[in-house]
Amino acid sequence: MPAPQYLDTPQGRRIAYHRTEGAGPGVVFLGGFRSDMEGTKALWLEDWARAQGRAFLRFDYSGHGQSSGAFTDHCIGDWAEDAAAVLDALTEGPQVLVGSSMGGWIALLTARAQPERVAGLVTVAAAPDFTEDSMWAGFDAERRAALETEGVVHLPSDYGEPYPITRRLIEDGRAHLVLRRPLHLPFPVRFLQGTEDRDVDRAVALRLLDHATGPDMRLTLVDGADHRFSDPDCLQLIGESVGAAIARAAPGA
């Protein structure tokens with residue numbers, strides 16, 4: 001595996017990334033909460049883009065993977081800043097954003113802040129506003145009190161060690177909610193969601209579809225698919241969805 005390159009952001013963070021040269025519009029992969037750019041979907045999509053001759057970028061948020069900082073020192077706003085920094089410094093022209101889980105939320109924030117830089121959007125089990133609607137809403141009084149007094153609580157995870165959830169993460173999340181205000185997406189949008197996802201319920205995908213506005217939005221539910229959304233059929237669907245977004249955004253590209 002080749003070593004990553006690094007970008008120093010305006011906020012003083014050092015972001016690890018891999019970039020593949022190719023035609024535009026390029027594709028930018030935005031990973032999930034505590035995941036990194038070496039995951040199955042990111043690597044598969046990189047191979048897909050290379051086979052298509054398409055520019056591609058994957059990166060680690062601050063506090064994730066090979067980027068600088070500790071995970072517990074960062075929050076949604078920081079990771080949205082990281083996405084904006086790599087988009088501005090490492091890509092040219094409008095890009096197709098592919099956001100997985102939390103990356104879907106980051107992609108929506110990016111699209112809201114810089115719609116002119118977005119050619120299309122594909123989300124995989126998007127988790128907008130999860131710090132408020134899933135974490136905080138699911139905390140009992142004891143856990144909420146512990147978060148206030150200790151500044152961090154730990155939640156069990158199906159993917160390894162418990163997740164440390166900081167008070168800053170919850171409070172900052174409230175400043176970046178996307179389902180409480182108008183969300184216009186003026187480009188091709190493809191939402192993908194598995195019916196057996198135990199981390200993000202299909203109701204979230206339906207709420208997002210109902211809330212957002214745009215000229216070209218579609219939601220695809222995949223029967224039996226889980227949150228990883230990484231079996232061969234799911235990966236192929238991601239590639240087809242990205243291809244469709246590119247074709248709709250830039251015919252002949």
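Q: Is Phe-71 buried or exposed, and with what relative accessible area?
A: This is a predicted model, in which local features need pLDDT of at least 70 and side-chain atom pairs count only at pLDDT 80 or more, while totals for chains, interfaces and linings use all residues. Residues are numbered from 1 along each chain as its sequence is written, and side-chain values use heavy atoms, with hydrogens and water left out. Buried means under 20% relative accessible area, exposed over 50% and partly exposed in between, with a 1.4 Å probe and protein chains only. Phe-71 is therefore buried, with a relative accessible area of 10%.

Q: Which residue lies over the face of Phe-71?
A: A charge sits over a ring if NZ of Lys or CZ of Arg is within 6 Å of the ring centre and within 35 degrees of the ring normal. At 4.8 Å from the ring centre of Phe-71, the residue over its face is Arg-34.

Q: How many aromatic pairs does the structure hold, and what kind of pair do Phe-33 and Trp-79 form?
A: Rings of Phe, Tyr and Trp (its six-membered ring) pair if their centres lie within 6.5 Å, and planes under 30 degrees apart count as stacked, over 60 as edge-to-face and the rest as tilted. The structure holds 9 aromatic pairs. The ring centres of Phe-33 and Trp-79 are 6.2 Å apart with the planes at 70°, so this pair is edge-to-face.

Q: What kind of pair do Phe-71 and Trp-79 form?
A: Trp-79 is buried, with a relative accessible area of 0%. Because the rings of Phe-71 and Trp-79 have centres 5.7 Å apart and planes at 20°, the pair is stacked.

Q: At what angle do H2 and H6 pack, and how far apart are their axes?
A: Helices (H or I, at least four residues) and strands (E, at least two) are DSSP runs, numbered from the N terminus, and axes are lines fitted to C-alpha atoms, for helices over the stretch in contact, with angles running from 0 to 180 degrees between N-to-C directions. Contact means heavy atoms within 4.5 Å, and Ile-76, Gly-77, Asp-78 and Trp-79 in H2 meet Arg-168, Leu-169, Asp-172 and Gly-173 in H6. The two helices, H2 and H6, pack at an angle of about 65°, with their axes 8 Å apart.

Q: Which residues of helix H6 are buried?
A: What covers the buried residues of H6 includes helices H2, H3, H4 and H5 and strand E8. Within H6, which spans residues 167-174, the buried residues are Leu-169, Ile-170, Asp-172 and Gly-173.
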